[in-house]
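Reader: I've got a model open on my screen and I'd like to learn how to read it. Can you walk me through it, one feature at a time?

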Amino acid sequence: DKKQAQDTTQKQGGEKRTQASPATMRLLRALGYRIVQKTVPIDIASIRHDYMRESITKDGCCGETELLKLHAWNLTEYHRAVVLDLDTILLRNMDELLAMDK
């Protein structure tokens, strides 16, 4: 179902939260992924500079949810975290990066 595959945004405790569809979540879990749900780390209204505040909401593909990638900096329980945007093109295998010594 096409509608089921789309991301949905819902209000939760006054915060916007973007969530993958239940079917996507089940598939990711079946593939061994651990799902971590986060809220947008910055209240867009609190950005003082008009240009930056307006750019986040108008530009890019995802609006304020573009900032979710900032949570990668808090993944301190991991030796390494790799953040890839949907517009990233991998030009070679990443196994070497992931297998590097600490």
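Author: Let's begin with a salt bridge, meaning a side-chain nitrogen of Lys or Arg within 4 Å of a carboxyl oxygen of Asp or Glu. Glu 66 makes one with Lys 69, and their closest N and O atoms are 2.8 Å apart. Bear in mind that this is a predicted model, where local features need pLDDT of at least 70, side-chain atom pairs count only at pLDDT 80 or more, and totals for chains, interfaces and linings use all residues. Residues are numbered from 1 along each chain as its sequence is written, and side-chain values use heavy atoms, with hydrogens and water left out.

Reader: Are Glu 66 and Lys 69 buried, exposed or partly exposed?

Author: The scale goes like this: buried is under 20% relative accessible area, exposed is over 50%, and partly exposed is in between (1.4 Å probe, protein chains only). Glu 66 comes out at 27%, so it is partly exposed. Lys 69 is partly exposed too, at 31%.

Reader: How many salt bridges does the rule give?

Author: The count is three. Another one pairs Asp 50 with Arg 53, at 2.4 Å from N to O. Both residues sit in helix 3, three residues apart, which is about one turn of the helix. Helices here are DSSP runs of H or I with at least four residues, strands are runs of E with at least two, and both are numbered from the N terminus. Asp 50 has 44% relative accessibility, so it counts as partly exposed, and Arg 53 is partly exposed at 22%.

Reader: Which residue forms a salt bridge with Glu 77?

Author: That's Arg 34, with the closest N and O atoms 3.6 Å apart. Glu 77 is in the loop between helix 3 (50-58) and helix 4 (95-99), while Arg 34 is in the loop between helix 2 and helix 3, so the pair ties together parts that are 43 residues apart in sequence. Glu 77 counts as exposed at 53%, and so does Arg 34 at 54%.

Reader: Okay, now the inside. Which residues make up the largest nonpolar core?

Author: The general idea is that in soluble globular proteins, nonpolar side chains tend to be buried together. A nonpolar core is a set of buried Ala, Val, Leu, Ile, Met, Phe, Trp, Tyr and Cys residues joined through side-chain atoms within 4.5 Å. In this model the largest has five residues: Val 40, Ile 44, Ile 47, Ile 56 and Leu 67. Contact means heavy atoms within 4.5 Å. Setting aside neighbours within four places in sequence, Ile 44 is in contact with Arg 53, Ile 56, Thr 57, Glu 64 and Leu 67.

Reader: Last one: where is Ser 21 found?

Author: Look in the loop between strand 2 (15-19) and helix 2 (22-30). Ser 21 is buried, with a relative accessible area of 2%.
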